[in-house]
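User: I would like to learn how to read a few features of a model. Please take them one at a time.

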Amino acid sequence: MRRTTYREITGQYVGFYGLMAGLGVLILLSLAAAWHMEHQGHHVTGMTNQIVWGMPHVLAIFLIVAASGALNVASIGTVFGRTWYKPLGRLSGLLALALLVGGLAVLVLDLGRADRILVAMTTYNFKSIFAWNIYLYTGFMAVVVVYLWVQMERRMNRFAPAAGLVAMIWRLVLTTGTGSIFGFLVARQAYDAAVLAPLFIAMSLSLGLASFNLTLAATCRGTGLELGDGLVSRLGRLLGVLAAVVLYFTAVQHLTNLYAAEHAGVERFILLEGGVFTALFWLGQVLLGGLVPIALVFTLPAGRALGRVVLASILVFLGGIAQIYVIVIGGQAYPLVLFPGKEVQSSFFDGVVMSYAPSLPEITLGVGGFAMAAAIVMVGLRSLRFLPESLADAALDPHHRAAATDAEEKAPA
Amino acid sequence: MTGRTPQQGFDPQRRRFLSAAAAAAGVTLAPGVTLYGVTAAGSAAARAPEDPVTSSVRWGLLVDVNKCRDGCNACVTACVEENGLRGNGRPETDAQWIRKVELRDPSTGAKRSLPLMCQHCASPPCVDVCPTGASFRRADGIVLVDKHICIGCRYCMLACPYKARSFIHEVVEDQKPYAPRGKGTVESCTFCVHRVDEGRTPACVEACAEAGGDAMTFGDLNDPNSRISKQVAAYVTDQIRPDLGLDPGVRYRNL
Amino acid sequence: MGRRLVLALLLLLAPAAAAAQDSDAGRVPLPTIVKGKGEACVADTAYMRRYHMTELDHQRDETMHRGVRTRKFSLKECVDCHATLAPTGGYVSVNAPGQFCRSCHDYAAVTIDCFQCHAARPGEKETKRAGAFPRTAGKFRQESEVQ
């Protein structure tokens, strides 16, 4: 196999800088939204003392979870040695970094005292899974940077499988930590479940790959990079498998709860009577974010896979947002059970299903995280050699997979 | 003086002793010192202002639900007044440290009315989840938020099984000097820690007694001679969500 | 053309602006230190200037986490002593422009976070109570009479 050569993107000034300017506007708007929330206090948002985490958290969790999963492609290439995915490893790492930075920015800017970020970085309670996550997130960034370096620096290439393995284990732990933010909430009927950790891992794999597919398709379209149908089909089918895994864990989560009479209330709420949450669950997550994309990618027309895979990726992406919305907001909207078996009433909305309407500043802040991630990817692609010269199927040489891998691995610098 | 004393939580015997001690101290010591010596009376060992709290004391509150009248809001009003919790007319975002909850058993129709506030758990979930350690439990069992290091993430609010915490959604002005509170941090019932450290009872307890309810008893659960310990020993009392195993400092009788 | 005109105007105005600033005696006005009640602060002025925040930080952790309520470096005591009476009655916030805390901090260009949460005026009770706690002390006296 020919050695893969990588390049920066060049030219396309109008399109590139136009898009960058657009993203810049979104980022500035999100900063303005954060300032507004900070200055006025959170009463200008839809968040209350009952729904304490809102749209910023939904979108930030999406970004963080997707960041971990965006590294799928790099892992498959370096850890599992699949040549098809190898040339995409660098882009995969870049996207993972960018998504994580975007997600953390949203999370931090939503804090009541975002000005105390230094306190959060220096004062720790190690019993808190949240504190652990601060380490897991910053550590993930460091690991991915090293991983990118050993991939991009030829003399270090031989360490790529080891770095890839560390990165893969790290991201599994990271997503376990993110899922456990909810899994460890003993008091809440909708959370307090060990299955949330593997569910979040599955979500990260699926949402991260969907984000990667969309990034790849957009990049190839923008730069004129050829994208082979065989590669696209593989990415598409992999997405289908991962989306099915998410559905599996979702089924386990709800079936387990349904079995316990104690949890019948919250299940009835999410699955039947929750209004917008029920709709988002069945239509958003299960149908449009799960069954439809799975059907799309397993019936790909030969030679014309790209359109369908992009559509499936968009659906999985949106379905993921719906799913996290149901988990985060729906779980809080359902009233906390303080007195099992009793009807309760108070001035503090005890026993009342809360409604939540995300406000414009919240949504703007969250969208800014996505813009930030996109901008980081674009700057990265422009300044360093993340993209291979070609992604045509012939360049990926599917016929001499094992031999090619070895040859590439052993080639002297 | 009549039989009704505002300091319901205190054991009369110790009070008698401490009153005598106070008289003696008043003779020998400067007024400023006397003050603290006397007023730290609620604890098993009177605590001087320079002494830190210790775990030899565990502050607790017993609510006799039979004596808590439906429609009476004296404890809530007293809390709002004491801690300066003026709202902004937005019930969804205004802070509530204590609230009255009306219960109804749907199968029998039986009704109950009770005050609910931070339960000052021995194993508080809010303290476990707090990333910076701003949520903490004082040695004497009072669960507090150190607003100097609270970053406003609200994870403790998600973790609290009693919905006892509020996030400050707006700028606060004219705070009480002894109850600092500000936008962007989380807060909850402090057991009126500023009063407890002076040897007084929480404002809600005092108000309940003054309103003739006498439904709340405050005191040291570690002191076998305190009124609350005697009552907890004599009667069956309940915790809210005992299944969680948090060992709350607030107990309910006749729930 | 337009750009050159703006540049010329700026060049013309610059010395004038500088002169105007120079005549503003010292530019940043020196802080006006409002005198507190009582004879002297809890420590000498030089020490308090340099270390008041160290002491306040230390005291805050002692009080918050360990329930130590000594008065020497308590922020509440600072406010009680350094707040001035308003001509219209009541106290002026120590965080108001020109008042004790603000005047110095404005001069040093250091923001004060304390009063986002802490009261910047003495409370009503504090003024009544000053020196003794008549209410509590009275209660105990009454009870001893009863016994």
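User: Which residue is the bridge partner of B:Leu62 in β10(B)?

Analyst: Start with the general idea. Strands of a sheet pair through backbone hydrogen bonds, either parallel or antiparallel. Now the case here, in a predicted model. B:Leu62 has B:Arg251 as its bridge partner in β10(B). B:Leu61 is bridged to B:Val250 in β10(B). These pairs belong to strand β1 (residues 59-64) and strand β10 (residues 250-253) of chain B, which pair in the parallel sense over four bridges.

User: In which sense do β1(B) and β8(B) pair, parallel or antiparallel?

Analyst: Antiparallel, over five bridges. One place to look is B:Trp59, which stands opposite B:Asp220 in β8(B).

User: What is the strand order in the whole sheet?

Analyst: The order is β8-β1-β10-β9 in chain B. The sheet is open, it has four strands, and its pairing is mixed. β8 (216-220) and β9 (237-238) of chain B stand at the edges. Each has a single partner strand, so one side of each is left without a neighbour in the sheet.

User: Which way do the side chains of β1(B) point?

Analyst: The general idea first. In a regular strand the side chains alternate between the two faces of the sheet. Here, B:Trp59, B:Leu61 and B:Val63 point one way from β1(B). B:Gly60, B:Leu62 and B:Asp64 point the other way.

User: Are the residues of β1(B) buried or exposed?

Analyst: Read burial from relative accessible area: under 20% is buried, over 50% is exposed. Six of the six residues of β1(B) are buried, so this strand is largely enclosed by the rest of the structure. That covers the residues pointing either way.

User: What about β8(B), buried or exposed?

Analyst: Five of the five residues of β8(B) are buried, so this strand too is largely enclosed by the rest of the structure.

User: Where in chain A is A:Asp192 found?

Analyst: A:Asp192 is in the loop between α7 (160-183) and α8 (196-223) of chain A. This residue has a positive phi of about 50 degrees, although it is not a glycine. A:Asp192 is partly exposed, at a relative accessible area of 39%.

User: Next, the cavities. How many cavities of 30 Å³ or more are there?

Analyst: A cavity is space where a probe fits but cannot get out. The count of those of 30 Å³ or more is 13. The largest cavity holds about 140 Å³ of space.

User: Which residues lie nearest the centre of the largest cavity?

Analyst: A:Gln253, A:His254, A:Ile270, A:Val326 and A:Ile327. By type, seven are nonpolar, seven are polar and one is charged. Then ask which helices contribute. In chain A, α9 (229-259), α10 (264-273), α11 (276-297) and α12 (305-333) each supply at least two lining residues.

User: How many helices and strands are there in chain A?

Analyst: Chain A has 15 helices and three strands. Of its 413 residues, 58% are buried. Next, look at sequence separation. Take contacts in chain A between residues at least 6 apart in sequence: 81% join residues at least 24 apart. The accessible surface of chain A is about 16600 Å², with 69% belonging to carbon and sulfur atoms.

User: What is the pattern of chain C along the sequence?

Analyst: The pattern is α-α-α-α-α-α. That is six helices and zero strands. Buried residues are 29% of its 147 residues. Of contacts in chain C between residues at least 6 apart in sequence, 52% join residues at least 24 apart. Chain C has an accessible surface of about 10100 Å², and carbon and sulfur atoms account for 60% of that.

Terms used:
Residues numbered from 1 in each chain as written. Chains lettered and ligands numbered in written order. Predicted model: local features only at pLDDT ≥ 70, side-chain atom pairs only at ≥ 80, totals over all residues. Heavy atoms only, no water. Buried < 20%, exposed > 50% of the residue type's maximum accessible area, 1.4 Å probe, protein only. Contact = heavy atoms within 4.5 Å. Areas by Shrake-Rupley, 256 points an atom, 1.4 Å probe, with all protein chains shown as cover. 1 Å grid on protein atoms, 1.4 Å probe; cavity = no way out; pocket = protein on both sides within 12 Å on 5 of 7 lines; lining within 4 Å. Points joined across faces, edges and corners; volume = space filled by probe spheres on them. Nonpolar A, V, L, I, M, F, W, Y, C, P; charged D, E, K, R; others polar. Pairing = 2+ DSSP bridges.
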